[in-house]
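Hi,

Here is the structure I promised to pass on to you.

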Amino acid sequence: MSLIRLVLQFQRNGQCSSRSLTQCLQPTHVSSRLVAGSRSYATKGKSKSTATFVPGSKQPITDEAARQEYAKAETIMNTAAEWFRKECASSEARASGRVTPALLSPVRVKLPSGGKECKLEELATVGVRDGTTLLITLFDEHTIKHVESALYSCNIPGVVPHRYDDRTIKVPIPKPTVDARHALYAAAKRKAEEMRVQIRKQHSLSLKRGKFEKHSVELEEFQKLTDRYIGDVDKVLANLQKATGAPK
């Protein structure tokens, strides 16, 4: 019934009022409606909302085993990227000529009494004197030979220890030359490739363990994870390249 005919009928019957007419104009049946920005459909007495519908390319991993494997892979990749970030931060500090105790953080000392290697800070304190010299003060004077040996073999450019007394070692840090800065970047570039290999290796191991179907959301999410951490490594390396002024 058209709107005009409906109004005329109400007028003839004397039943027309603003309220009754408004009620009459309301649809007697609604098959679908918008609720809170989502659409619901009536299906056999139950309404199914599309609010939780996500395109396949953006759907998160729902399988519990796959989620656990994803978390494990993310932890390993993040550890590799963070290690590389710290290494580059140390290289950037050396390239800028800043002398800090962190310069000797990679040093590991092997003692005859223990089976594992010790960090230098576990055996001594490291300070800075005159802004150009690292001063190592040992807790135990009997470890001085082992610390000296570790300093010689740490392969940190410019680190040449000099014994000051039975418990003190001085390490003068020369101002980096252009060649030294370029060498720092070259070393970091090699480490960056090692980190990429580790990240890709973890990606392959995760896919092998998961046995995911072709074109599955799991494959896509693991690839995004791998690309993200490789991108982090590339970005850190690019920043170091700028800091050292080294050619690509």
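Let me start with the largest pocket: helix H3 gives the most to its lining, with 6 residues. Please keep in mind that this is a predicted model. H3, helix H4 (144–153) and H5 each supply at least two residues of that lining. The space in the pocket comes to about 340 Å³. Of the 20 residues that line it, Glu-87, Cys-154, Asn-155, Ile-156 and Lys-191 are the closest to its centre. Sorted by class, the lining has 12 nonpolar, 4 polar and 4 charged residues.

Now a step back to the whole chain. You will find 6 helices and 9 strands in it. The chain has 248 residues, and 32% of them count as buried. If you take contacts between residues at least 6 apart in sequence, 58% join residues that are at least 24 apart.

H5 covers residues 178–210, which makes 33 residues. From its first C-alpha to its last it reaches 48 Å, close to the 48 Å expected at 1.5 Å a residue. The buried residues of H5 are Leu-184, Tyr-185, Ala-188, Ala-192, Met-195, Arg-196, Ile-199, Gln-202, His-203 and Ser-206.

Lys-189 is partly exposed, with a relative accessible area of 40%. Leaving aside residues up to four places away in sequence, Lys-189 touches Leu-237 and Lys-248. The C-alpha atoms of Lys-189 and Ala-238 are separated by 9.5 Å, although these residues are 49 apart along the chain.

The end of H5 has something to show as well. Lys-211 follows the helix, and its phi is positive, near 50°. Further on, in the loop between H5 and H6, you come to His-215. The phi of His-215 is also positive, near 65°. As a reminder, most residues other than glycine have a negative phi. Is His-215 buried or exposed? With a relative accessible area of 72%, His-215 is exposed.

E7 pairs with strand E6 (residues 124–129) in the antiparallel sense, over 6 bridges. In that pairing, Val-126 stands opposite Ile-136 in E7. Strand E9 (residues 168–172) is another partner: 5 bridges join it to E7, and the two run antiparallel. Here Leu-134 stands opposite Val-171 in E9.

E6 and E7 form a hairpin with 3 residues between them. Asp-130 sits in the loop between these strands. It is a residue other than glycine with a positive phi, near 60°. Asp-130 is exposed, with a relative accessible area of 70%.

Strand E9 also holds Thr-168. At 10% relative accessibility, Thr-168 counts as buried, because the cut-off is under 20%. Which residues does Thr-168 touch, not counting those up to four places away in sequence? They are Leu-135, Ile-136, Ile-144, His-162 and Arg-163.

Last, please have a look at Ile-61, in the loop between strand E3 (46–49) and H3. Ile-61 counts as buried, at 9% relative accessibility. Not counting residues up to four places away in sequence, it touches Ala-66, Arg-67, Tyr-70, Glu-218, Glu-221 and Phe-222. Ile-61 and Ser-216 are 155 residues apart in sequence, yet 9.7 Å apart in space from C-alpha to C-alpha.

Best wishes

How values were computed:
Residues are numbered from 1 along each chain as its sequence is written. This is a predicted model: local features need pLDDT of at least 70, side-chain atom pairs count only at pLDDT 80 or more; totals for chains, interfaces and linings use all residues. Side-chain values use heavy atoms; hydrogens and water are left out. Helices (H or I, at least four residues) and strands (E, at least two) are DSSP runs, numbered from the N terminus. The expected span of a helix is 1.5 Å times one less than its number of residues. Buried means under 20% relative accessible area, exposed over 50%, partly exposed in between (1.4 Å probe, protein chains only). Two strands pair if DSSP finds at least two bridges between them. On a 1 Å grid over the protein atoms alone, a cavity is a set of points where a 1.4 Å probe fits but cannot get out, and a pocket is an open set with protein on both sides within 12 Å along at least five of seven lines; lining residues have an atom within 4 Å of a point. Grid points are joined across faces, edges and corners, and a volume is the space filled by probe spheres set on the points. Ala, Val, Leu, Ile, Met, Phe, Trp, Tyr, Cys and Pro count as nonpolar, Asp, Glu, Lys and Arg as charged, and the others, Gly among them, as polar. Contact means heavy atoms within 4.5 Å.
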